[in-house]
Amino acid sequence: MQIAVLTFDGFNELDSFIAAGILNRMRPQGWTAYITSPTEEVTSMNGVTIHRQRPLAFARDADAVLIGSGIRTREIAADADLLAQLALDPARQLIGAQCSGTLLLAKLGRIGDLPACTDLTTKPWVVEAGVEVIDAPFVAHGNVATAGGCMASQYLAAWMIARGGSLADAEAAIHYVAPVGEKAASVDRALGVIAPFVAGPAAAA
């Protein structure tokens, strides 16, 4: 499974790095999550500059795509040329969006009339884009999932692992990153959130 973690200038470190870190727990199974950006370097909302691992075009061919959030998402959502490069296809890709990344997914027409999750700041913009926002950390419809709140990135990663691998794989990944002394509770909470949305054929690994 090759995964594009879309990371734009002004990105939220928690969204991109937590998801990528959890997903890369599946490296022994042949999975790799790549920080994927439109430019060679991107700088986070807190001034951390990183080098991308894959160009934006990689998102078109990836098996799965996660769209992170950031402080410039509204600008990106208004950039028709950039959005045109994101030819995402839920018929063959698992697609997830985090917080303001849900706005990009809405602008790409990949949510439609289905309810979605986002953060409280982004909610008015997503509603303005014609999407119903629900008060929940995570929801999925088929191959498309959205999450709200920075720490909900663990749910996106766990869902993607469960869909592309198995619930047992997701359990192992969350167990590894969970705080000591809270591992069982963390696993139960994460699987409780994503399990209702895991039914369906797994994506090609």
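With which residue does D9 form a salt bridge? In this predicted model, the partner is R72, and the closest N and O atoms are 3.0 Å apart. A salt bridge here is a side-chain nitrogen of Lys or Arg within 4 Å of a carboxyl oxygen of Asp or Glu. The pair links distant parts of the chain, 63 residues apart: D9 lies in the loop between strand 1 and helix 1, and R72 in the loop between strand 6 and helix 3. Helices (H or I, at least four residues) and strands (E, at least two) are DSSP runs, numbered from the N terminus.

Before I continue, a note on conventions. Residues are numbered from 1 along each chain as its sequence is written. Because the model is predicted, local features need pLDDT of at least 70 and side-chain atom pairs count only at pLDDT 80 or more, while totals for chains, interfaces and linings use all residues; side-chain values use heavy atoms, without hydrogens and water.

R72 also forms a salt bridge with E75, at 3.1 Å between the closest N and O atoms. D9 is partly exposed, with a relative accessible area of 32%; buried means under 20%, exposed over 50%, and partly exposed in between (1.4 Å probe, protein chains only).

I turn now to R163, in helix 7. R163 is buried yet has no salt bridge, the nearest side chain of opposite charge, D169, being 12 Å away; Lys and Arg count as positive, Asp and Glu as negative, and His and the chain ends are not counted. Twelve of the twelve residues of helix 7 are buried, so this helix is largely enclosed by the rest of the structure.
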